[in-house]
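This briefing concerns one protein model and is intended for a reader who works with computed structures. The sequence and coordinates are shown first, and the notes follow by topic.

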Amino acid sequence: IDFVILHRHTIYLAIPFYVMDLVTRMHGYRVHFFPWYYPVPNIFTIVWIALFVGIITSLKGIAGKILYWILFIINFVLFMTHNIYYSFTAFYFNFNLLKMTDEGSSYIWDVIKNTNPLFYMVCLVVIIMAVIAFRLMPKIEKFNAKRLIITIVFFLIVHTITPFLLGPANS
């Protein structure tokens, strides 16, 4: 409990990112990805979020806050793209699909209009969580090189080990 209280601002920064990933994986049950409750996909997500938040909280002054919004916006756009596209195709968005933009451009507004309104409610909640986390983010007075190095080393080690936790590949 003391750890959570001490690091609550860091946890607040991580929650919107985790919620976006969790909702995307829960929404994608039809493509037979690893279920949302499997530990390895959650470890993978948490390690990436730890990297983001570790870098953000290591930077001095406004740099961390700017980076937070850059990373949030990129993740949020991907979150919306994946979930809106998935809701109509039962596949996640793939950048190879950009080759076929002319084919999809004629019905994109119909897709957006007919997406489940509950998804847009989730989007609103995620944005509110991000704004609250941003507002509660403490001012960082100096660059924290030690935190940055520990974050990167932690990320590299756990990110390297995580795929092995999935077990042997299918043949």
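Arginine 135 is exposed, with a relative accessible area of 72% (exposed means over 50%, buried under 20%, and partly exposed in between, with a 1.4 Å probe and protein chains only). The model is predicted: local features need pLDDT of at least 70, side-chain atom pairs count only at pLDDT 80 or more, and totals for chains, interfaces and linings use all residues. Residues are numbered from 1 along each chain as its sequence is written, and side-chain values use heavy atoms, with hydrogens and water left out.

**Arginine 135**
- Arginine 135 lies in helix 7 (helices, H or I of at least four residues, are DSSP runs numbered from the N terminus).
- Its C-alpha is 9.7 Å from that of lysine 65, although 70 residues separate arginine 135 and lysine 65 in sequence.

**Nonpolar surface patch**
- Phe3, Val4, Ile11, Tyr12, Ile15, Leu124, Ile128, Ile132 and Leu136 form a nonpolar surface patch of about 770 Å².
- Patch members have over 30% relative accessible area and no salt bridge, and nonpolar side chains (Val, Leu, Ile, Met, Phe, Trp, Tyr) are joined within 5 Å, like charges within 9 Å; a salt bridge puts a side-chain nitrogen of Lys or Arg within 4 Å of a carboxyl oxygen of Asp or Glu.
- Accessible areas come from the Shrake-Rupley method with a 1.4 Å probe, and for residues only the protein chains shown count as cover.
- Two or more residues each come from helix 1 (2-6), helix 2 (8-27) and helix 7 (117-136), and helix 7 gives the most, with four.
- Isoleucine 15, in helix 2, counts as partly exposed because its relative accessibility is 33%.

**Nonpolar core**
- In the largest nonpolar core, of 21 residues, Leu13, Phe17, Met20, Tyr68, Phe72 and Phe76 touch the most other members (a core joins buried Ala, Val, Leu, Ile, Met, Phe, Trp, Tyr and Cys residues through side-chain atoms within 4.5 Å).
- At least two residues of this core come from each of helix 2, helix 3 (39-56), helix 4 (62-89) and helix 7, and helix 4 supplies the largest share, six.
- Beyond its neighbours within four places in sequence, methionine 20 is in contact (heavy atoms within 4.5 Å) with Phe72, Asn75, Phe76, Phe79 and Val126.

**Helix 4**
- The 28 residues of helix 4 reach 40 Å from first C-alpha to last, close to the expected 40 Å (1.5 Å times one less than the number of residues).
- Its buried residues are Gly64, Tyr68, Leu71, Phe72, Phe76, Phe79, Asn83, Ile84 and Tyr86, and they pack against helix 2, helix 3, helix 6 (108-113) and helix 7.
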